[in-house]
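Please open the model in your viewer and keep the sequence panel beside it. The stops below are meant to be selected one after another.

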There are 2 protein chains.
Amino acid sequence: MTDRPDLAAMFLPLTRALIDAERPVLAEHDLSMWAYGVLLALEEGPLRTQAALAQSIGADKTRIIGVLDDLQRRGLIERVPDPADRRARLLSLTAEGRRLRDSAQAGIRRREERLLARLPEGDREGFLRALRALAALPPHEITDPPPEVTDP
Amino acid sequence: MTDRPDLAAMFLPLTRALIDAERPVLAEHDLSMWAYGVLLALEEGPLRTQAALAQSIGADKTRIIGVLDDLQRRGLIERVPDPADRRARLLSLTAEGRRLRDSAQAGIRRREERLLARLPEGDREGFLRALRALAALPPHEITDPPPEVTDP
DNA sequence: GCTTATAATCTACAGGGGCTTATCATCTGT
DNA sequence: ACAGATGATAAGCCCCTGTAGATTATAAGC
């Protein structure tokens, strides 16, 4: 294995830069990063509880309340009591929310594609495939990777 | 281009997990993340000013003072006035500092290699090559990538 | 019915980190 | 020699975030 910087030492500044790249696009859409994260998380489908949402985007459950308040006030999400358990709130995107998310995401994608275009043609696909594979791993398997198994 | 999550949406949780992975190793060596960053930055060779060091690790120049104080007190770095410009402090690793950095880095590497081992054999090399290419770009080219040019 | 547990919410608090200003020493240009 | 710039440092402020308790509504088990 050839010598290389620590993974985190490469990832951290890169991530910062990627977030800086998103910032102006999100600002145009009046979205904070947390708010955008919520819209992305709800893309997959409605969620049953706010706590689940908070965990899925790595946020504190008390912290996203204000974010949800704002999104709801702007008609971007719906937050209705679960009829089966009225303590919980069912969260889902409205059509308007979906539209705003698509618009923001499109702007972000455009920049990202320009960035990816700078990678050597031959590495690009493998890079994205590996990245998706790592991103799909549960966090604890990254923090403390099991010794060998590739195919359980 | 196939559909995929936003780059930042994949990078951010991955980076967090990688940092969590480093935390216990660094704790064993009594190093904060900033302190480790300093040791890594000085690996390349001595630096002429603290401000340059701060910038190179993405820290605030006023914030690393305490970190440097601690590292110096522990004999891990040297901080001597530049004879050519006595306002500046020449920063360099001591032998002990180099030893500690190597030890911490070795622990971190071990985990990282286990993680990389989980990637499909064929993608691993391209992944690392692409990652290094991106990490080598100046931040503003990531934030706002130029339209085309790969070879200026 | 009563007790215990859970979801959401609010408030208060503490820590980390960035940013700003002021100070001191030193250098550079005139 | 003097004025203005620069490096290091210290102190204070502010923001973001995470944590902990208290509160309310609701559920579920006994």
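**Before you start**

This is a predicted model, in which local features need pLDDT of at least 70 and side-chain atom pairs count only at pLDDT 80 or more, while totals for chains, interfaces and linings use all residues. Residues are numbered from 1 along each chain as its sequence is written, chains are lettered from A and ligands numbered from 1 in the order in which they are written, and side-chain values use heavy atoms, with hydrogens and water left out.

**Stop 1: chain A as a whole**

The C-alpha atoms of chain A fill a box of roughly 55 × 40 × 25 Å along the principal axes. Of its 152 residues, 46% count as buried, where buried means under 20% relative accessible area, exposed over 50%, and partly exposed in between, with a 1.4 Å probe and protein chains only. A contact here means heavy atoms within 4.5 Å; among contacts in chain A between residues at least 6 apart in sequence, 49% join residues at least 24 apart.

**Stop 2: the two copies**

How is chain B laid on chain A? A turn of 180° with a shift of 0.0 Å along the axis brings chain B onto chain A with an RMSD of 0.1 Å, the copies being superposed by least squares on the C-alpha atoms of residues with pLDDT of at least 70 in both. The two copies are thus related as by a two-fold rotation axis. To locate that axis from chain B, select F127(B), whose C-alpha, at 2.1 Å, comes closest to it among the residues of chain B. Because 100% of the interface residues of chain B are also interface residues in chain A, the copies meet through the same surface.

**Stop 3: α1 against α1**

Select α1 in both chains. The helices α1(A) and α1(B) pack at an angle of about 145°, with their axes 9 Å apart; the axes are lines fitted to C-alpha atoms, for helices over the stretch in contact, and angles run from 0 to 180 degrees between N-to-C directions. Residues making this contact include F11(A), L14(A), L18(A) and E22(A) on one side and F11(B), L14(B), L18(B) and E22(B) on the other.

**Stop 4: the largest nonpolar core**

Which residues of the largest nonpolar core touch the most other members? Among its 36 residues, these are F11(A), F127(A), L131(A), F11(B), F127(B) and L131(B). A nonpolar core is a set of buried Ala, Val, Leu, Ile, Met, Phe, Trp, Tyr and Cys residues joined through side-chain atoms within 4.5 Å. The elements giving two or more residues to this core are α1 (7-28), α5 (95-116) and α6 (121-136) of chain A together with α1 (7-28), α5 (95-116) and α6 (121-136) of chain B. Centre on F127(A): leaving aside residues up to four places away in sequence, F127(A) touches L116(A) and L119(A) in chain A, and F11(B), F127(B), A130(B), L131(B) and L134(B) in chain B.

**Stop 5**

Return to chain A and select residues 33-43. Eight of the eleven residues of α2 in chain A are buried, so this helix is largely enclosed by the rest of the structure. The buried ones are A35(A), Y36(A), G37(A), V38(A), L39(A), L40(A), A41(A) and L42(A), and their cover includes α1, α3 (50-56), α4 (64-73), β1 (77-82), β2 and α5 of chain A. Just after α2(A), G45(A) takes a positive phi of about 140°.

From here move to S92(A), in strand β2 (residues 85-93) of chain A. S92(A) touches L42(A), P46(A), L76(A), I77(A) and E78(A), not counting residues up to four places away in sequence.

**Stop 6: R79(B)**

Is R79(B) buried or exposed? At 13% relative accessibility, R79(B) counts as buried, and its place is in strand β1 (residues 77-82) of chain B. Its contacts, beyond residues up to four places away in sequence, include Q50(B), D69(B), Q72(B) and R89(B).

**Stop 7: D30 in both chains**

Finish at D30(A), in the loop between α1 and α2 of chain A. Although D30(A) is not a glycine, its phi is positive, at about 55°. Most residues other than glycine have a negative phi. D30(A) is exposed, with a relative accessible area of 57%. In chain B, D30(B) is likewise exposed, with a relative accessible area of 60%.

Note on methods:
Helices (H or I, at least four residues) and strands (E, at least two) are DSSP runs, numbered from the N terminus.
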